[in-house]
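Let's walk through this structure together, one feature at a time. Keep the viewer open as you read.

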Amino acid sequence: MSGRLNRKASQKASPAGSAQGLKQSLHVRDLVALSVSSVGPLFSIAATGGVMAENAGLWTLPAIAIIAIPFIIGAFVFRLLNKHFPHAGASYHWSARVLGGRASRFQAWVMILAYFTSIPPIIIPASTYSLNLLFPGYKANAIAEVAMALFWSLFALVPLLRGARPTAKLTQVFLAIELVSVAAIVVIAILRWHAIAVPIHFGKPPIGGMIVTAVVAATILDGWEIDSYASEESNRPKSDPGIGGIIGAFMALGFYALIYPLMFGETPLHLLAGATNPMAVWGNRLVPGAPWLILVPVLASTAGGLWLTSFILTRALYAMGREGLVPVSFSMTNRRSSPSVATIVTIGAAFSVTLAQTLFSSLNSFFGLVLSAAGFFLVLEFFLDSVTATVFLRRFHKGTSDQGTLQQHHHRLLTWLSGLATVMFFGFMLGFVFYGPRAIGSQIDYVIAIGIILGFVFVRGTSRHKSIYYFHGADAQAADSQLENGKDFALDSECEELIKGVATTSESKFGSG
């Protein structure tokens, strides 16, 4: 599989309309900001804390700690796979390189489900929090909520259509607000501890509730992987992507380790359980009569989460469009090198779901049930990533030595940890299928089953698309050096050996899929 042949394969998959591609403009500090902010800890607690408290009570934190283990491992797995295969499609591309066409196409569908079903549950709270902040004592009004949802949807389009670097810069501003707010809230909570602390009694662990809580917690522990989907826009795509993910994953866990014990220790559990915004409940005890203290940082966290979750999906759709898995128009970029069609369709579709859910009560429960499956599909997505990494590490992993020759090398610890993450993610999925109907509704398993069946339909329907796009970017310094030496750095030669025995060209590889 020569570099020249690989170039032809990629050109075949790349539509004429997207020849410009994505612009490499992100520094490592931009990637770190994207990864940390995408987790959105304050919004995550506000949006899911009530559900988790209702299901697991004080055992919420142990449940988060358990599900955090495979996610932390996943951050190191993403870092490794990014070093070998930087690509805007990230997960589904890695699957294609290691497991083959069918697995890749199924994972592409899972990615669409996982990330799209995560966006409307961000738009709706953003609308509600804004109205509560602007109009104290606000009473629910569908028209007002739709108008505010439209505002946030249009607001999210601005940085996304302006490109990756403007998105990163705006994200840094909102991240600074969130970090300062977290510090202030923690300080106030510590100072107020003796005045408002409540008795803490764990009791018998509710195993089923903890499993459901752990899967729901997948929606608050993900997001750090955004720098993997931004790898083609990184100045150093072979070196930087994955670093932000590791930092983001650890910071997310740190945020929750700080905030959850304080919130549970200072607020009666019955007030938190089922609350639509437990952060506001806690904030009213911290500083009575000052709801803005919590609403402002939560809103900043929510806004950042909206456009960053959309960022992940738009890059994935851009990559899929480039290979024909979705309409080729999704790979079109505007003059700022932003995937404009993928962005507009993603935000537009998410707003349409929000509109239907807000205006039509008959559809509210239906969409609510579908969107509640986001946690399961996120766990499934990371399960598939762990499988990919485990197979890659055990069977195909070669690297370049100091002398520039390919040689077999091992990451024994990461291999075992990746296997552990695979087992844990699979266990949580099984547990959710068993306990989910009790906590969420009897129809949730049907929603999951339909989603998976549609995935097989997607695999079948896209089976004629057998090409793979290889990203030709290289680190700036490496590119300059190789150009001076007259070398073709379009595709790292290591990649040829990594999958030898699995495929000789992209066409033959996907032909077997």
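This is a predicted model: local features need pLDDT of at least 70, side-chain atom pairs count only at pLDDT 80 or more; totals for chains, interfaces and linings use all residues.

Residues are numbered from 1 along each chain as its sequence is written, and side-chain values use heavy atoms, leaving out hydrogens and water.

Start with helix α12 (residues 243–266) and helix α14 (residues 278–286), whose axes come within 10 Å and cross at roughly 65°. Helices here are DSSP runs of H or I with at least four residues, numbered from the N terminus. The axes are lines fitted to C-alpha atoms over the stretch in contact, with angles running from 0 to 180 degrees between N-to-C directions. On the α12 side, I259, L262, M263 and E266 make the contact, meeting P278, M279, W282, R285 and L286 of α14; contact means heavy atoms within 4.5 Å. Seven of these residues are nonpolar, none polar and two charged.

Next, find D30 and R165, which form a salt bridge with their closest N and O atoms 3.0 Å apart. The term means a side-chain nitrogen of Lys or Arg within 4 Å of a carboxyl oxygen of Asp or Glu. Because D30 lies in helix α2 (residues 28–39) and R165 in helix α9, the pair ties together parts 135 residues apart in sequence. The whole structure has four salt bridges.

Finally, V296 is found in helix α15.

Definitions and conventions
Helices (H or I, at least four residues) and strands (E, at least two) are DSSP runs, numbered from the N terminus. Ala, Val, Leu, Ile, Met, Phe, Trp, Tyr, Cys and Pro count as nonpolar, Asp, Glu, Lys and Arg as charged, and the others, Gly among them, as polar.
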